[in-house]
Amino acid sequence: MHTLTIEKPADGFAFRPGQFNMLYAFGIGEAAISISGHSDDPYLTHTIRAIGKVTEALAAFEPGMPIGVRGPFGSPWPMDLCEGRDVLVVSGGLGVCPLRGALRHLLRHRDRFRNVACLVGGRAPAQLIYRQELQELEQRADIQLEITVDHAPPDWQRHVGVVTDLLPRIRIDPETTIALLCGPEVMMRFAAEGIEELGVAPERIFVSMERNMKCAIGHCGRCQLGPNYVCKDGPIFTWQRIGRLVTRSEV
Amino acid sequence: MRRDIPDLLRSHDFTHGLDDDQLAFIAGCARNFRFDQGDYLFREGDAADRFYLIRHGRVALEMNIRGRGQVTVRTLQDDDILGVSWLVPPHRSTFSARALTLTRAIGFDAVCLRGKCDADHDLGYALMMNFMPELLGRLRSARLQLADVYGAPNG
């Protein structure tokens, strides 16, 4: 896992939590990478897992190297809608990256929201992203943070299991809750179903989808998901709109 | 105020639907346990002669995997049921259970409880119906863990 911080241009680079940029490794190609930070930060943060030619090139970047940035693109998390309500954030694996901006927004303006809960799932303790930041969040009394991994060595004191196991333990009022989810699709599916079971309406559950994006402006069709283009209509959708498509293997 | 065992049992999902007589009947198999951090409640391969309802605390279920040592595959905590192997032969624990924090639990003598379920099938059926949703939930979680959804897409 590699984190790139990119200096912003002099005229700033405004974006909203949950949006993504197209990062261009010159001569190799472009990849859609979510912005992990907050718009108030002096730089742009992108965390990258090297899994293909472009992401491998981006992960190998050295300080000072020039990079192409197109963006920001895509729908943001509904932070305005969260105001005056309980907010449940559920992340799995790399999904913590697009949610990091939302979390920072929630904490920066903590008095605008009611209960804030955050469940973080990962494969194993050593593979948790932003672990240091998560440990600092655990110390705060104004957010319920629970971290769980699929398996762990004996010195791990937190949870082992899947994030859905923790849902019934979170103190939220389902009637007012907005849920923000990002992670592997199968994890989001189980989590969204679990959150619906708690009594949160599917139109108040928001998921960030990942598809292989190329043009980022709804032209090329690479990221089509049913009638939607993930780059233009998403990446953030309500579960009401997208849930039926996520459970079908052919889309 | 100290609560007696039938009283503690009454508030747990495991006893949902049992009447007072049945509660008192199974309470005869139960007593309170306290484990300090690091204590083992049972170990992999032991006779599964007890099962627990956790009142407070957190317990790690561990497996010994050659080359990796002890690996925690699940943690359990307040109000969770701990121990399944006591239900069916050969009554041997599949995992070790270690207290991660100070843990208080109600422990049932498995031979005693199996005997009561054999003697009163209505009771046995009611307990099994309370046990089953929890078991299915565990199975679903274990399958999701097995799917290794956080692994890199190309391995």
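Patches here are groups of residues with over 30% relative accessible area and no salt bridge, in which nonpolar side chains are joined within 5 Å. In this predicted model, chain B has one such nonpolar patch on its surface, built from Met128(B), Met132(B), Leu136(B) and Leu139(B). Met132(B) belongs to helix H4 of chain B, which takes in residues 121-146. With a relative accessibility of 36%, Met132(B) counts as partly exposed, because that label covers values between the 20% and 50% cut-offs.

As for confidence, chain B comes out with a mean pLDDT of 91, and 96% of its residues get to 70 or more. For the complex, the predictor reports an ipTM of 0.87 and a pTM of 0.89.

Strand E7 of chain B (residues 96-99) tells another story: both of its faces are covered. Ser96(B) and Arg98(B) sit on one side, Ala97(B) and Ala99(B) on the other, and all of them are buried. In a regular strand, side chains alternate between the two faces of the sheet.

E7(B) also has strand partners. Strand E2 of chain B (residues 40-42) pairs with E7(B) in the antiparallel sense, over 2 bridges; here Phe42(B) has Ala97(B) as its bridge partner. Strand E4 of chain B (residues 58-65) runs antiparallel to E7(B) as well, and 4 bridges join the two. In that pairing, Val59(B) finds its bridge partner in Ala99(B).

Terms used:
Residues are numbered from 1 along each chain as its sequence is written. Chains are lettered from A and ligands numbered from 1 in the order in which they are written. This is a predicted model: local features need pLDDT of at least 70, side-chain atom pairs count only at pLDDT 80 or more; totals for chains, interfaces and linings use all residues. Side-chain values use heavy atoms; hydrogens and water are left out. pLDDT is the predictor's confidence in each residue, from 0 to 100. Patches are made of residues with over 30% relative accessible area and no salt bridge: like charges are joined within 9 Å, nonpolar side chains (Val, Leu, Ile, Met, Phe, Trp, Tyr) within 5 Å. Accessible areas come from the Shrake-Rupley method with a 1.4 Å probe; for residues, only the protein chains shown count as cover. A salt bridge is a side-chain nitrogen of Lys or Arg within 4 Å of a carboxyl oxygen of Asp or Glu. Buried means under 20% relative accessible area, exposed over 50%, partly exposed in between (1.4 Å probe, protein chains only). Two strands pair if DSSP finds at least two bridges between them.
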